[in-house]
Amino acid sequence: MPAPEPCFFCDSMLGRLVRWLRLLGYDAVYHPEIGDWEMLRQCAAEGRILLTRDRRVMERWQIGRGQVRAALIGSDKVEEQLKEAAARFGLEPQPEPRCPEDNAVLLALPHEKARDRVPPYVYQTQTSFRSCPGCGRVYWQATHWRRIEAMRGSISG
Ligand SMILES: [Zn+2]
């Protein structure tokens with residue numbers, strides 16, 4: 001059996017990175033409202049890898065003793081942040097993208113069912129739609145998958 005894919009907790013400074021991890025299909029949560037202690041507790045309880053830009057957090061005992069895996073992200077640019085995480089954890093696009101808003105796995109949406117949920121031009125020109133069971137948003141290839149492809153190129157390049 002292949003190892004399960006890593007899942008992540010992005011700290012309050014990584015609100016753009018969390019969206020990209022989800023689009024790539026990784027389970028990634030973001031709770032900027034909670035404090036460091038609760039963040040570390042959730043990481044330990046759920047086996048999430050903490051991604052943080054805060055060097056002080058890296059000095060917490062939960063990380064020092066190996067109770068929580070964590071990685072310090074150096075860049076403030078999201079493209080570079082994703083490259084850092086991809087290099088560190090061997091990330092690549094997963095078969096099932098997740099909703100960038102709420103982390104739910106997106107479901108394939110049959111073309112005819114998209115008719116009332118997207119602009120007419122999009123309905124006529126796009127062939128592949130996905131919908132989010134969490135927030136109900138509909139995603140389609142031109143806007144979203146193209147960005148994923150671009151990001152895939154930036155990871156490998
Ligand atoms: Zn959603």
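How do the axes of helix H1 and helix H4 cross, and within what distance do they come? I looked that up before anything else.

**Ground rules.** I'm working with a predicted model, where local features need pLDDT of at least 70, side-chain atom pairs count only at pLDDT 80 or more, and totals for chains, interfaces and linings use all residues. Residue numbers start from 1 along each chain as its sequence is written.

**Helix pair.** The axes of H1 (residues 15-23) and H4 (residues 78-89) come within 9 Å and cross at roughly 55°. An axis here is a line fitted to C-alpha atoms, for helices over the stretch in contact, with angles from 0 to 180 degrees between N-to-C directions. So H1 is oblique to H4; under 35 degrees would count as roughly parallel, over 145 as roughly antiparallel, 65 to 115 as roughly perpendicular, and the rest is oblique. I noted the crossing as right-handed, meaning that the near helix is turned clockwise from the far one by less than a right angle. On H1 the contact is made by Arg16, Leu17 and Trp20, and on H4 by Val78, Gln81 and Leu82. Contact means C-beta atoms, placed from the backbone, within 7 Å.

**Whole chain.** I find seven helices and seven strands. Of the 157 residues, 25% count as buried, which takes 20 or more other C-beta atoms within 10 Å of a residue's own, all placed from the backbone.

**Parallel sheet.** Four strands form an open sheet in the order E2-E1-E3-E4, with parallel pairing; to pair, two strands need at least two DSSP bridges between them. E2 (28-30) and E4 (70-72) are the edge strands with a single partner each, so one side of each has no neighbour in the sheet. The twist averages 25° from one strand to the next. I followed E3 (residues 49-52) to E4 through three bridges, and found Leu51 opposite Ala71 in E4.

**Antiparallel sheet.** Next I looked at an open sheet of three strands, ordered E5-E6-E7 and paired antiparallel. Its edges are E5 (107-109) and E7 (138-140), each with a single partner strand, so one side of each is left without a neighbour in the sheet. Neighbouring strands here are turned by 40° against each other on average, direction ignored. E6 (residues 129-131) is joined to E7 by three bridges, and Arg130 stands opposite Tyr139 in E7.

Conventions
Helices (H or I, at least four residues) and strands (E, at least two) are DSSP runs, numbered from the N terminus. Two residues are in contact if their C-beta atoms, placed from the backbone, lie within 7 Å. A residue is buried if 20 or more other C-beta atoms lie within 10 Å of its own, exposed if 12 or fewer, and partly exposed in between; C-beta atoms are placed from the backbone.
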